[in-house]
Amino acid sequence: MCPPKVIGIDLGESYSRVGVFRNKTFQIITDGQGRSAIPNYVEFPSHGAPVVGFEAKDQALSNPKKTIYDSR
């Protein structure tokens, strides 16, 4: 019998984190640069797939009308 899979999501106002419970330990997921707190930004470029996180935050000034970053 497989152990249950558990994921935890911290949806903060500005940044979010995700962690998983596996092998009897809780592990925070990081991005390719080792960062665990990811900005809550989504950019919808004119062409291609949506961009999220740090890359979307970096593009927010150049594409403000197609970037979501604050839901208050």
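Mentor: Start with β1 and β2. They form a hairpin with three residues between them. Keep in mind that this is a predicted model.

Trainee: How many bridges do β1 and β2 share, and in which sense do they pair?
Mentor: Six bridges, antiparallel. β1 covers residues 6–11 and β2 covers residues 15–22.

Trainee: Which residues pair up there? Say, what is the partner of Gly8 in β2?
Mentor: Gly8 bridges to Gly19. Leu11 has Ser16 as its bridge partner in β2.

Trainee: What about the segment before β1? Is Cys2 there buried or exposed?
Mentor: Cys2, which lies in that segment, counts as exposed because its relative accessibility is 69%. The cut-off for exposed is over 50%.

Trainee: And how far is Cys2 from Ile68 in space?
Mentor: 39 Å, C-alpha to C-alpha. In sequence the two are 66 residues apart.

Trainee: How many bridges hold β2 and β3 together?
Mentor: Four, again in the antiparallel sense. β3 runs over residues 25–28. One of the bridges joins Phe21 to Phe26.

Trainee: What does β4 pair with?
Mentor: β2. Two bridges join β2 to β4, residues 38–39, and the strands run antiparallel.

Trainee: Next topic: the open sheet of three strands. What is the order?
Mentor: β6-β5-β7, with antiparallel pairing.

Trainee: Which strands stand at the edges?
Mentor: β6 (51–52) and β7 (67–68). Each has a single partner strand, so one side of each is left without a neighbour in the sheet.

Trainee: How many bridges join β5 and β6?
Mentor: Two, and β5 is residues 42–43. Val42 bridges to Val52 in β6.

Trainee: Zoom out. How many helices and strands are there in the chain?
Mentor: One helix and seven strands. From the N terminus the elements go β-β-β-β-β-β-α-β.

Trainee: What is the radius of gyration, and how does that sit against a compact globule?
Mentor: The chain has 15 Å, while a compact globule of 72 residues would be near 11 Å. The C-alpha trace spans about 50 × 25 × 25 Å along its principal axes.

Trainee: What share of the residues is buried?
Mentor: 18% of the 72 residues. The chain exposes about 6,000 Å², and carbon and sulfur atoms supply 57% of that.

Trainee: And contacts? Among those between residues at least 6 apart, what percentage joins residues at least 24 apart?
Mentor: 23%.

Trainee: Last one, charges. How many positive and negative side chains are there?
Mentor: 9 positive and 7 negative. The centres of the two sets lie 7 Å apart.

Notes
Residues numbered from 1 in each chain as written. Predicted model: local features only at pLDDT ≥ 70, side-chain atom pairs only at ≥ 80, totals over all residues. Heavy atoms only, no water. Rg over C-alpha atoms; globule rule 2.2 N^0.38 Å. Buried < 20%, exposed > 50% of the residue type's maximum accessible area, 1.4 Å probe, protein only. Contact = heavy atoms within 4.5 Å. Areas by Shrake-Rupley, 256 points an atom, 1.4 Å probe, with all protein chains shown as cover. Lys, Arg positive; Asp, Glu negative; His and termini not counted. Charge placed at Lys NZ, Arg CZ, Asp CG, Glu CD. Pairing = 2+ DSSP bridges.
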